[in-house]
Amino acid sequence: MMLDWLFASPAERRLLGGSPMRGPTPWVIAIMSFSCLIIAASGLALTNTASTLGRAIQSRYSVELPSGGGGVDALLKAVQSAPGVASADAVPEQDMRRTLARWLGPAAQSTELPVPALVNFDLKQGASLGAVQRQVQEVAPEARIVAHRESVGPLLHSLHVLQWVAFGLVLLLSGAAAAAVVLAARGAIDTHRFTIEVMHGIGATDLQITNLFQRRIAIDALAGSVAGAIAAALVLLLLASGASFAGELAGGALLRGPDLILLLLFPLALTILATMVARMAVLAALREAL
Amino acid sequence: MSQAWQGKGRQSQAGRNGTLSAVAEFDSVGLRYGTGAEVLRDLDFRLSKGAFYFLTGPSGAGKTSLLKLLYLAQRPTRGRVKLFQEELSEAPREDLPPFRRRIGVVFQDFRLIRHLSAFDNVALPLRVAGASEEDVEGPVREMLAWVGLADRASARPPTLSGGEQQRVAIARAVINRPELLVADEPTGNVDADMANRLMGLFAALNRLGTTVVVATHDVGLISATPGAQMIRIEQGTLVDPTGTLKNPPGRS
């Protein structure tokens, strides 16, 4: 059976002496698991945020009237009456001034400051922007329509880049964990070289010897990855309040059910990776002997 | 089985009747380590099933290297080595374990696993061969009693004397009833009394049908083992150009 190696008899367990979880392997795996999970959770949250934001702005536009003032009501009515418009609302002038105050300070409240009028609207699925443009041109020829996806595009692009960076970091850390396991396996082989020679001499196969090491490294990897996952879960819980606020801004939860399942499976995946890498490393090292 | 070893063309009676009686056959075998000079040259001999051999020669003559070829710890760099009627010189390494299980080896330095008890050390070949724990317990206890260590079963090697460790090593080597027993200076670390007792164990095993090859400097042991035959090696080659059978020197 494929998993025979997992169930060692007491006599087989005694062959390598000592006990599992004594060396640095569980600690290294725990650190890798913790880091990977934090980064993976961040990457998934970024993915969800970008996705929610992207959907929200896909059909959202603004009509900007540079001269502002009294034309906003007529502009709003024109937009609302255009075919294909799902909803439209004008941004109050006070809100505009409050926004400008962040850059201009009290000067933003000056009546001498020209504040553009702004009407936001959403188009229905498949509706044409041309009809809205024609309606707007009739009441305000100087008005221009801006698609939100164009203005928010660079932010979405940055979010996509960040999620790929997170994915890359998870891969890098998994690779580092695999490399650490290879070193641990080679170290274990060096430590037990005498036992291996004796076992080979009396007719043990490479697989019999490999199973001993594979099982021990699997236990170390499982303990380390679960410990790292628990620590990561605690940190993510501590960040949960801030995350829920960010989730509200993004229009939904930052981590969803499938994401949590993926994160829960990560320690298992890391353990399987470590075990397979250990198996290959041990078999390769044993092949160097006759 | 009257002939101990012979050069090519000097087949024993058993050999003339077929190859089944040969446990090992060396044909033009040479061995070198790395790029160094050959430590073994032009070895041509066969070991008959059920015979008792002493391998002698000065230090550095190549005794240990020859034994390594016999217990498959080394491949020849040229020539052919047949064990149990199988050509193994170039056999894939994954094919070797079943043959190693048919060979018992006693090392001069015992090679016991320090963190295992005497019981576990002796049980190792049985467990490697896949025996269940029920099938291990009885034979191991019996073997430990046979070598006089029944009461030291749970002792670990560092707590055993040299003689006791050697007996554990012998018990481990013979627990599987090997067809070929190879011993490298097995009495090098024990006193004369213990050496005689160990040789008695080998002789008893030989009487049960195991072919025994013992490398030793101790001429006294050779002369004290009736019927044993001698292989002498000097400077990497067998010294007996005529192929004449050599019974223990004191008796020839």
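At what angle do the axes of helix α6 (residues 148–191) of chain A and helix α8 (residues 206–238) of chain A cross? Select both helices: the axes cross at roughly 135° and come within 11 Å. Axes here are lines fitted to C-alpha atoms, for helices over the stretch in contact, and angles run from 0 to 180 degrees between N-to-C directions. That angle makes α6(A) oblique to α8(A); angles under 35 degrees count as roughly parallel, over 145 as roughly antiparallel, 65 to 115 as roughly perpendicular and the rest as oblique.

This is a predicted model, in which local features need pLDDT of at least 70, side-chain atom pairs count only at pLDDT 80 or more, and totals for chains, interfaces and linings use all residues. Residues are numbered from 1 along each chain as its sequence is written, while chains are lettered from A and ligands numbered from 1 in the order in which they are written. Helices (H or I, at least four residues) and strands (E, at least two) are DSSP runs, numbered from the N terminus.

Stay on the α6(A) and α8(A) pair and show side chains. V181(A), A184(A), A185(A) and A188(A) of α6(A) meet F213(A), I217(A) and A221(A) of α8(A); contact means C-beta atoms, placed from the backbone, within 7 Å. By class, this contact of α6(A) with α8(A) has seven nonpolar, no polar and no charged residues. Ala, Val, Leu, Ile, Met, Phe, Trp, Tyr, Cys and Pro count as nonpolar, Asp, Glu, Lys and Arg as charged, and the others, Gly among them, as polar.

The axes of α2(A) and α8(A) are 7 Å apart, at an angle of about 40°, which makes α2(A) oblique to α8(A). The contact of α2(A) with α8(A) divides into 20 nonpolar, five polar and one charged residues.

Zoom out to chain A. Domain 1 covers 13–54 + 153–286 and domain 2 covers 67–142, with bounds from an automatic or database domain assignment. Their centres, taken over C-alpha atoms, are separated by 52 Å.

Now show chain B. The contact between the chains takes 14 residues from chain A and 22 residues from chain B. On the side of chain A that touches chain B, α7 (193–201) and α1 (10–15) of chain A each give two or more residues, and α7(A) gives the most, with four residues.

Finish in chain B with strands β1 (residues 22–32) and β2 (residues 38–48), which run antiparallel and are joined by seven bridges. Strands pair if DSSP finds at least two bridges between them. V29(B) stands opposite L43(B) in β2(B). In the turn of this hairpin, G34(B) has a positive phi of about 60°.

Conventions:
Contact = placed C-beta atoms within 7 Å.
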